[in-house]
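I opened a new notebook page for this model. My plan was to check confidence, then look at a few places in turn.

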Amino acid sequence: MFETRPDRDAEVVLVGRSNVGKSTLMRELTGHSFETGGSPGVTTEPNHYDWTSEDFLITDLPGFGFMSGVPEDVRERIKTDVVRYIEENAGKILVGVLVVDGKAVIDIIDRHSGEREVPHDVEMFGFLQELGIPAVVAVNKMDKVDDRDERLDELAERLGLYPPWQQFDETLAPISAKRGSIGPLEAAVRHHLHEQQRDDLFKFF
Ligand SMILES: Nc1nc2c(ncn2[C@@H]2O[C@H](COP(=O)(O)OP(=O)(O)OP(=O)(O)O)[C@@H](O)[C@H]2O)c(=O)[nH]1
Ligand SMILES: [Mg+2]
């Protein structure tokens, strides 16, 4: 279990498979540099960005799912730790940002959809909802995607959101963290903060 969490009353978490760009997005949001990398599994402990005066945290969680060179039991443990972290802090998490790789996500979901298998991303999206945490799916790396609307419709469908995807702009946010193009995510997060009367936190998004 991760033991690093500062004791703050409000939090936004970034969660998702490894190598999707969580730490890159964290850097864009905070202006602070976190370790990012070309190989999955770079972040092994949560990165907390902590505003003591606001009693607020943004947390970049370790990535889960397949990581080449990382043994399965280690991957399983990371996933369990991430799930526990979210469960234990659910009452304080105002928004859960599920980051996915817009270029790869459909193939990965389809490869892992079966009778006895729920893909990680679909599972995590459902999990946040079960816990009552408003979820925003940051569809990252859109700079690599040509058929944008088609892709986003396909993703919406797989998450149980009936296309066209534009109906869900509080939930689906196409971005390119590396290029600093994250406006749709900021708008979606603000929407959910506003719903919880936390407009005071708009300055972070
Ligand atoms: N093309 C493109 N690449 C990106 C984008 N955002 C991040 N990347 C790249 O994706 C790779 C992984 O980025 P990270 O931010 O380390 O990913 P992560 O989700 O934190 O990975 P873990 O810590 O392993 O879970 C890096 O090489 C980034 O430069 C983007 O918007 N577009
Ligand atoms: Mg990372």
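I began with Glu87. Buried or exposed? I counted 12 C-beta neighbours inside 10 Å, so Glu87 is exposed; the cut-off for exposed is 12 or fewer. I placed Glu87 in helix α2, which spans residues 72-88. Glu87 and Ile133 are separated by 46 residues along the chain, and their C-alpha atoms lie 10.0 Å apart.

I noted that this is a predicted model, so I looked up the confidence. The average pLDDT for the chain is 94, and 100% of the residues reach at least 70. For the complex, I read an ipTM of 0.99 and a pTM of 0.96 from the predictor.

Next I turned to helix α1, residues 22-30. How many of its residues are buried? I found 7 of the 9, so the helix is largely enclosed by the rest of the structure. I listed the buried ones as Lys22, Ser23, Thr24, Leu25, Met26, Arg27 and Leu29.

What do the buried residues of α1 pack against? I traced them to five strands by name: β1 (10-16), β2 (47-51), β3 (56-60), β4 (93-101) and β5 (135-140). Just past α1, I stopped at Gly31, where phi is positive, about 75°.

Last, I checked the UniProt record. The unreviewed entry lists "domain: EngB-type G" for residues 8-195. Over that span I read 36% helix and 19% strand. Its end C-alpha atoms are 20 Å apart.

Key:
Residues numbered from 1 in each chain as written. Chains lettered and ligands numbered in written order. Predicted model: local features only at pLDDT ≥ 70, side-chain atom pairs only at ≥ 80, totals over all residues. pLDDT = per-residue confidence, 0-100. Helix = DSSP H or I, 4+ residues; strand = E, 2+ residues; numbered from the N terminus. Buried ≥ 20, exposed ≤ 12 C-beta atoms within 10 Å, placed from the backbone. Contact = placed C-beta atoms within 7 Å. UniProt positions renumbered as here; feature names shortened; annotations may be inferred.
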